[in-house]
Amino acid sequence: MIEFAFVLPIFLLLVMGILDFGFLFYNYISLENAARNASRVACVEYGEIAYGKRNQEDGDNKFALSPRVLTLPTENATQKSAYDSKKLPVNDTTSGSFSDGYTEAEIRVCMEVARSLERTGIDSEGRTISIVYTYDTSEAVMNEGWKLNKRPDGDVTVTVEADAHVLTPVLGVTADNMKKHIASSATYKVEEQYTED
C-alpha cells in the first residue's frame, strides 16, 4: 500500500502529461491545416487579398497591404454574415493599414481557417491571420515598381495564431489562464491568374 502511495502521483503526472501534450499536438495540427487551407486560397486569389486603400485619402487608388492581418469574429466565423464591416475592425493597427472591410476573398480565407479550427480546443477569441506576399516587400518592387500582376513572381505566407486550451495543471503551470499561444505558417507559390496591371 505504501508503494502505491509513492507510485500514484508519478503515474497521474505521466497520464496528465500524455493527455495535455496529445491535446496540444492535436490543436497544433488543426492550426497547421488551417494555415495550409488559407494559403491555398491566398495563392490563387491574390488579386483580391491584401490589396486596397492604405488610408482614406487614397480615394479609388489601391496598393499592396502586405502584411495584411485579419481577425476572426468570435462567433459564427464559418458564416459569411459574421464578416459585416460593422462587426469587424476597420483599422488594421497591426500592419498600420486602412480598410473598408474584408474583401470576398479575405472572407473566404477567414472562413477556411474557422472551418479548420471547429471542434478543437482553440479559443474563439484572438484568432488572427497574417498574410504576406513576398513580391510586395521584395527589391523588385523598388526597382521595377509595384504591380499586382507581378505577385506570381513571389510566394504567399499565411500565419495563423490562436490560444489553445490546456486540459490539466501539468501544462497549465506555464500557461496563461490555462491557455497556450500557438502559431503555424504555410507558404505557397502564387499562381499566375490575374491579368490586370
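## Burial of V109

A residue counts as buried when its relative accessible area is under 20%. V109 has a relative accessible area of 0%, so V109 is buried in this model, which is a predicted one.

V109 is found in helix α2. Outside the four places on either side of V109 in sequence, the residues in contact with V109 are A38, V41, A42, I49, L70, I129 and I131. L72 lies 37 residues from V109 along the chain, and the C-alpha atoms of the two are separated by 10.0 Å.

## Overall architecture

The protein has four helices and eight strands. Read from the N terminus, the order of elements is α-β-β-β-β-β-α-β-α-β-α-β.

The chain has 197 residues, of which 40% count as buried. Taking contacts between residues at least 6 apart in sequence, 72% join residues at least 24 apart. The accessible surface comes to about 11200 Å², and carbon and sulfur atoms account for 54% of that surface.

## Helix α2

Helix α2 covers residues 104-116. With 13 residues at 1.5 Å a residue, the helix should span 18 Å; the end C-alpha atoms are 19 Å apart, which agrees.

The buried residues of α2 are A105, E106, I107, V109, C110, M111, V113, A114 and S116. The elements that cover these buried positions include α1 (2-44), β3 (68-71), β6 (128-133) and β7 (155-165).

## Cysteines

A disulfide is a covalent bond between the sulfur atoms of two cysteines. A search of the whole structure for such bonds finds zero.

T120 sits in the loop between α2 and β6. The relative accessible area of T120 is 19%, and because the cut-off for burial is under 20%, T120 counts as buried.

The side chain of T120 reaches the backbone oxygen of L117 at a distance of 2.7 Å. Setting aside neighbours within four places in sequence, T120 is in contact with Y26, N27 and S30.

Methods: Residues are numbered from 1 along each chain as its sequence is written. This is a predicted model: local features need pLDDT of at least 70, side-chain atom pairs count only at pLDDT 80 or more; totals for chains, interfaces and linings use all residues. Side-chain values use heavy atoms; hydrogens and water are left out. A disulfide is a pair of cysteine sulfur atoms within 2.5 Å. Helices (H or I, at least four residues) and strands (E, at least two) are DSSP runs, numbered from the N terminus. The expected span of a helix is 1.5 Å times one less than its number of residues. Buried means under 20% relative accessible area, exposed over 50%, partly exposed in between (1.4 Å probe, protein chains only). Contact means heavy atoms within 4.5 Å. Accessible areas come from the Shrake-Rupley method with a 1.4 Å probe; for residues, only the protein chains shown count as cover. A polar contact is a pair of N or O atoms within 3.5 Å; within protein, one must be able to donate a hydrogen and the other to accept it, and residues adjacent in sequence count only if both atoms are side-chain atoms.
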